[in-house]
Amino acid sequence: MASETSVMTGNEAAATAARLARVQVIAAYPITPQSPVVETLSAWVESGELPAEFVAVESEHSALTVCIGASTVGARVFTATSSNGLAYMNEQVWWAAGARLPIVMCIANRAMAAPWNVLNDQQDSMSERDAGWVQLYCRDNQEILDTTVQAYLIAERLNLPVMVCYDGFLLSHTMMPVSVPDASTVDAFLPPRPAPLTVVDPADPRNIGPVVLADPRADAAGVVSPGYMELRAQHHRALLDALAVIPEVDAAYSAVVGRTWGGLTWEHLLDDADVVLIAAGSLATQLTLTAEALRAEGVKAGVLGIRAYRPFPAAALAGKLAGRRLALVFDKALSYGYDGPICTDLRGSLLGVEGAPAVFGAVCGLGGRDVSPDDLAAAARRALADLDAGARTRPTDWVNLRLEGE
Amino acid sequence: MDAGRRISMSRPAVGEAGATGQWRNNRPVMDPALCMAATAGRVTCQICWVYCPDGCIAQGAGPAIDLTYCKGCGICAQECPTGAIEMVPEALHGVCALPDEEVL
């Protein structure tokens, strides 16, 4: 394949991927730290480099609504947002999924207000975990480009929307070398969008998205349509099908482009590890340094990175974690009043699994609080001390918390 | 599986959402003496037909409102340029009475 390496930010990598995917409609509203994605795309549309419609809207709710309309009639669409912009979309986030639209949306992860904070954590997208989108988390700018291109094939095979999530500023505004495949290489991987599920024919019109009641119901012509639960069950099954499709698409991409990202999860020094450090996004990249430092101290540590958060790779994680001593999950988000989202989901995945490790949770990096590999290693040492003292569960550890009087 | 079985999609037809007239609190009552089309004796104006969000007004001189499906939103009364449509509380008509022939 032909490619060219450029030094670019994560946001430019996302925009470049949308261009390579030949998106036809883009609608977006600016919000830090996502804005450069759509600024870049609008410049390409203006210059003619990208033959697409760029729809300037007055809000994120309208941005996703435009994407829903365009995707419903068969266009390949793109948008991007962050934090409160994603929250403002919330109603349409659910609509896009329930209507089974293959929309790809990049999320430059940013903390939720209040209080205002433009810096990174993963609370924004993690809070949308139940909306029925595929969620993929990237660890560097190359993965942002490759995953965003892959996301279209995943989305269009399953008729599901996909969020491609990457850490705000840490990736969105940090420059790295990125290998950009040429257009014909990407075309060989990603064909044009197949026909939509919707029938769009003025000669044979349809109600699209009419009310569906509890039970399957015959229409005026006697055709029985599924009830709400039947549509939701199929939606859920499509998400579960993504557990196979995400690795298949990664393999297909690897065959054409020559890079693989591991599908659902990825790992570093995991084979003989008895202490497994778990996170999503750039935090997991930092954990590779932590694991190496812990190994220098004689702790057999390894990293299990979460690439797909929805669908949650429960079986894959259980298979990789059985027989280990400790799974220590670092979440950059929190279900307030309970625990970190990845930690919570992982505990459920391991229930009843023979040889399951203890699962401890740690919350870190909220609102951009710096987390160094040393901080993460200190948290791992605390967790090991708790484990050695006989703990099988414990309260969430808040890494680098500096509350007065504590 | 057929595409139509995975998403909510149907062919347009009368009554797709059920007898929505049962939702109505206020009934539109048209005064033919004020309706532009009725007084002209031809299919003119039809602004109520244009604005009805549920498509339950049929064009005519004057237009006919299908109370089996009219939810009583009152947009027709609001938009009628001659004030020919009045929204009257259903209680004055007997709340549950929805005979098919009662089409104004």
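1. **Ground rules.** This is a predicted model, where local features need pLDDT of at least 70, side-chain atom pairs count only at pLDDT 80 or more, and totals for chains, interfaces and linings use all residues. Residues are numbered from 1 along each chain as its sequence is written, chains are lettered from A and ligands numbered from 1 in the order in which they are written, and side-chain values use heavy atoms, leaving out hydrogens and water.

2. **Where the chains meet.** Let's start with the interface. Chain A brings 24 residues to the contact and chain B brings 16, where contact means heavy atoms within 4.5 Å. Together the two chains bury about 1,700 Å², with 51% of that on carbon and sulfur atoms. Buried area here is the accessible area (1.4 Å probe) that two parts lose on being put together, summed over both. On the chain B side, B:Arg5, B:Arg6 and B:Met9 supply 35% of the area buried against chain A, more than any other three residues.

3. How many salt bridges does the rule find between chain B and chain A? It finds 1, counting a side-chain nitrogen of Lys or Arg within 4 Å of a carboxyl oxygen of Asp or Glu. A:Asp204 and B:Arg11 are the partners, at 3.0 Å from N to O. The side of chain B that touches chain A has 8 nonpolar, 4 polar and 4 charged residues.

4. **A strand pair between chains.** Strand 9 (residues 207–208) of chain A and strand 1 (residues 9–10) of chain B pair antiparallel, over 2 bridges. In this pairing A:Asn207 stands opposite B:Ser10. Two strands pair if DSSP finds at least two bridges between them; strands (E, at least two residues) and helices (H or I, at least four) are DSSP runs numbered from the N terminus.

5. **The six-strand sheet.** Chain A has an open sheet of 6 strands in the order 12-14-13-16-17-18, with mixed pairing. Its edges are strand 12 (265–268) and strand 18 (397–398), each pairing on one side only. Strand 16 (residues 326–331) and strand 17 (residues 358–363) run parallel, joined by 6 bridges, and A:Phe330 stands opposite A:Ala362 in strand 17. Helix 10 (residues 282–296) of chain A packs on this sheet, and its direction makes about 160° with that of strand 13. Helix 13 (residues 373–388) of chain A packs on the sheet too, at about 140° to strand 16. For these angles, axes are lines fitted to C-alpha atoms, for helices over the stretch in contact, and angles run from 0 to 180 degrees between N-to-C directions.

6. **The seven-strand sheet.** Another open sheet in chain A has 7 strands, ordered 3-2-4-5-7-6-15, again with mixed pairing. Strand 3 (53–56) and strand 15 are its edge strands, and the twist averages 20° from one strand to the next. Strand 2 (residues 25–28) pairs with strand 3 in the parallel sense over 4 bridges, with A:Ala28 opposite A:Ala56.

7. The structure holds 21 salt bridges over all chains. One of them joins A:Arg307 and A:Glu143 at 2.8 Å, N to O. A:Arg307 is in the loop between strand 14 and strand 15 of chain A, while A:Glu143 is in helix 7 (residues 141–158), 164 residues apart.

8. **Backbone spots to look at.** The peptide bond from A:Ala114 to A:Pro115 is cis, with omega near -10°. A:Arg310 and A:Pro311 are also joined by a cis peptide bond, with omega about 0°. A:Ser83 has a positive phi, near 45°, without being a glycine, and this residue sits in helix 4 (residues 83–88) of chain A.

Technical notes. Nonpolar A, V, L, I, M, F, W, Y, C, P; charged D, E, K, R; others polar.
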